[in-house]
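Hello,

Here is the structure I promised to pass on to you. Please have a look at it first, and then read my notes below.

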Amino acid sequence: MSDVQISDRREGTTGDRRGGHRRQPLAATTRRAAGRSAAGPPAGVSATSILTNCARELLGLERTDLARMLSNLALAEREPNADMLSLQASLLDRGGDWDNSLACLRAAHELSPADPQVRLNLAISLLRRGEYREGFALYEARIDKPGWSGLATRESRAALRHLMLRPGQAVEGRNILILAEQGLGDGIMFARYIGLLVERGARVAVACNAVIRPFFERIAGIDTILSPPGNAPFAQINLSALRFDAWVPLLSLTSWLGNLAEGVGDGNPYWSPDRGRVAGWRNRFAELGRRGTIKVGLVFQANPDGASFAEKSMTAADVLPLLSLPAIDFVNLQYGRAGEALAEAAPGIINPFPAEVPLDQYAAAVAATDLLISVDTMAAHCAGAMGHATWLAVPYSPHWAWGLSGDSTRWYPSMRIFRQTGRRSWSAVIEAMAAQLGRPQPAWQTDAMQIEPLS
């Protein structure tokens, strides 16, 4: 899943733009800071900004110690701005100081309430604490960020902003266009609300990328699905060329519903794979492994292109201790080079995919296991949407949906959460999972809150 983690006000760590100017690289910024005269920094550039920029670059280089030192120097300048406070929040977040991180983000928001990145940072912090009413209201700020698209051109969204579905607005008999956005996990997670539009009488069309299209095709009530052509996978839609009564980003259905402060749904499964495909995968797993043996799927790396890849991902070496358990057949559900590395390191593991398969086929393979063990990625959301037993390994600073503590989530009742006790250290997580897997079968299935998979 391509999620939005708490960050400073810029997108990413290098090459970002603000006010039309590219940020200077660390060396150039440092030279400017070092070359100040006794009179102070260059005209129009404050010491706070210079120190903050340098600290951000160091944070991107994983030099948290130096970044924290420069950030503290920026604080000592007593010229607080939203940029500096957002960076301080990021540093506190890395150290697990959630309360003071939130305090910094609130202070940043007070200074720059109209800045969409500042509002978004605060939203994510609130959502992680389960404060959904305020959090989801602020989360709408993502739509105002220059880089947000929702598969529609920026110009057409601006021209038709008056047709964006408003909170509580009636939809009966109206044509509603939903724009899928962000990563695959986000699309799967919030697809649960599409049925509520249909139940209230809307005619629903969905615009999404081609990868997630098979998932939406299995949601009842969607009349039309629009996807970019294969030869232009990143093409954007001109909303002005389509006929609809209102459009809405998928994750904004929370604002339309208006009841997410009280709960996130009834917790029931809201998506199912083709039963014949599930049966076919079960037979394949039995042929490649041992008939009658429990099958546990493994996904240990997130999307390599995602901003949080390093935080969320394990290595093949990290998961090898699990594979020593004798009474379980493990199924390698990891794509790409990481999956190949696991297959080489563990010759006995079941490798069902000669190549990538469509998302609906992949979900059927997940459903054919008895339990899925996964890092925070699309596979976990697929399993949760189906009500399939899932053990989720989350990083020390987790995605907002998983909260800050506890081993369960209101979003997916069939999911059990295993949390890092230190940043980028998975050993305690793997040890806890191995201990649970080593228990008698009925016990660990109960602990997993297993819902019987489809057959």
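**Two helix pairs**

The axes of helix α5 (residues 98-111) and helix α6 (residues 116-128) come within 9 Å of each other and cross at roughly 150 degrees. That angle makes α5 roughly antiparallel to α6. The crossing of α5 past α6 is left-handed. On the α5 side the contact is made by Trp98, Leu102, Leu105, Arg106, Ala108 and His109, and α6 contributes Val118, Arg119, Asn121, Leu122, Ser125, Leu126 and Arg128. Sorted by class, the contact of α5 with α6 holds 7 nonpolar, 3 polar and 3 charged residues. Please keep in mind throughout that this is a predicted model.

The second pair is helix α17 (residues 359-367) with helix α18 (residues 378-386), which pack at an angle of about 70 degrees with their axes 10 Å apart. α17 and α18 are therefore roughly perpendicular to each other. Their crossing is right-handed, whereas α5 passes α6 in a left-handed one. Leu359, Tyr362, Ala363, Val366 and Ala367 of α17 meet Met378, Ala379, Cys382, Ala383 and Met386 of α18. By class, this contact of α17 with α18 has 10 nonpolar residues, with no polar and no charged ones.

How many of the residues of α17 are buried? The count is 8 of 9, so to speak a mostly covered helix. The buried residues in α17 are Leu359, Asp360, Tyr362, Ala363, Ala364, Ala365, Val366 and Ala367. They pack against α9, α11 (213-216), α13 (275-288), β7, β9 and α18.

On the α18 side, have a look at methionine 386, which lies in that helix. With a relative accessibility of 11%, methionine 386 counts as buried. Leaving out residues up to four places away in sequence, methionine 386 touches Pro269, Trp271, Pro273, Ala363, Val366 and Ala367. The C-alpha atoms of methionine 386 and serine 414 are separated by 8.8 Å, and the two residues are 28 residues apart along the chain.

**The five-stranded sheet**

Next comes an open sheet of 5 strands, in the order β8-β7-β9-β10-β11, with parallel pairing. At the edges are β8 (328-332) and β11 (415-419), each of which pairs on one side only. From one strand to the next, the twist averages 20 degrees.

Strand β9 (residues 371-375) pairs with strand β7 (residues 294-299) in the parallel sense over 4 bridges. In that pairing, valine 296 stands opposite leucine 371 in β9. β9 also pairs with strand β10 (residues 390-394), again in the parallel sense and over 4 bridges. There, isoleucine 373 stands opposite tryptophan 391 in β10.

Is β9 buried or exposed? Of its 5 residues, 5 are buried, so β9 is largely enclosed by the rest of the structure. In a regular strand the side chains alternate between the two faces of the sheet. Both faces of β9 are covered: Leu371, Ile373 and Val375 are buried on one side, and Leu372 and Ser374 on the other.

**Two loop residues with positive phi**

Two backbone angles may also interest you. Arginine 78 has a phi near 60 degrees, a positive value in a residue other than glycine. This arginine 78 lies in the loop between α3 (64-76) and α4 (82-94), and arginine 78 is exposed, with a relative accessible area of 74%. Glutamine 182 is not a glycine either, yet has a positive phi of about 60 degrees. Its place is the loop between β3 (175-179) and α9 (184-190). Glutamine 182 is partly exposed, at a relative accessible area of 30%.

**The protein as a whole**

To finish, some overall values. The secondary structure comes to 20 helices and 11 strands. The protein has 455 residues, of which 53% count as buried. Among contacts with a separation of 6 or more, 69% are between residues 24 or more positions apart.

Best wishes

Terms used
Residues are numbered from 1 along each chain as its sequence is written. This is a predicted model: local features need pLDDT of at least 70, side-chain atom pairs count only at pLDDT 80 or more; totals for chains, interfaces and linings use all residues. Side-chain values use heavy atoms; hydrogens and water are left out. Axes are lines fitted to C-alpha atoms, for helices over the stretch in contact, and angles run from 0 to 180 degrees between N-to-C directions. Angles under 35 degrees count as roughly parallel, over 145 as roughly antiparallel, 65 to 115 as roughly perpendicular and the rest as oblique. A crossing is left-handed if the near helix is turned anticlockwise from the far one by less than a right angle, and right-handed if clockwise. Contact means heavy atoms within 4.5 Å. Ala, Val, Leu, Ile, Met, Phe, Trp, Tyr, Cys and Pro count as nonpolar, Asp, Glu, Lys and Arg as charged, and the others, Gly among them, as polar. Two strands pair if DSSP finds at least two bridges between them. Buried means under 20% relative accessible area, exposed over 50%, partly exposed in between (1.4 Å probe, protein chains only).
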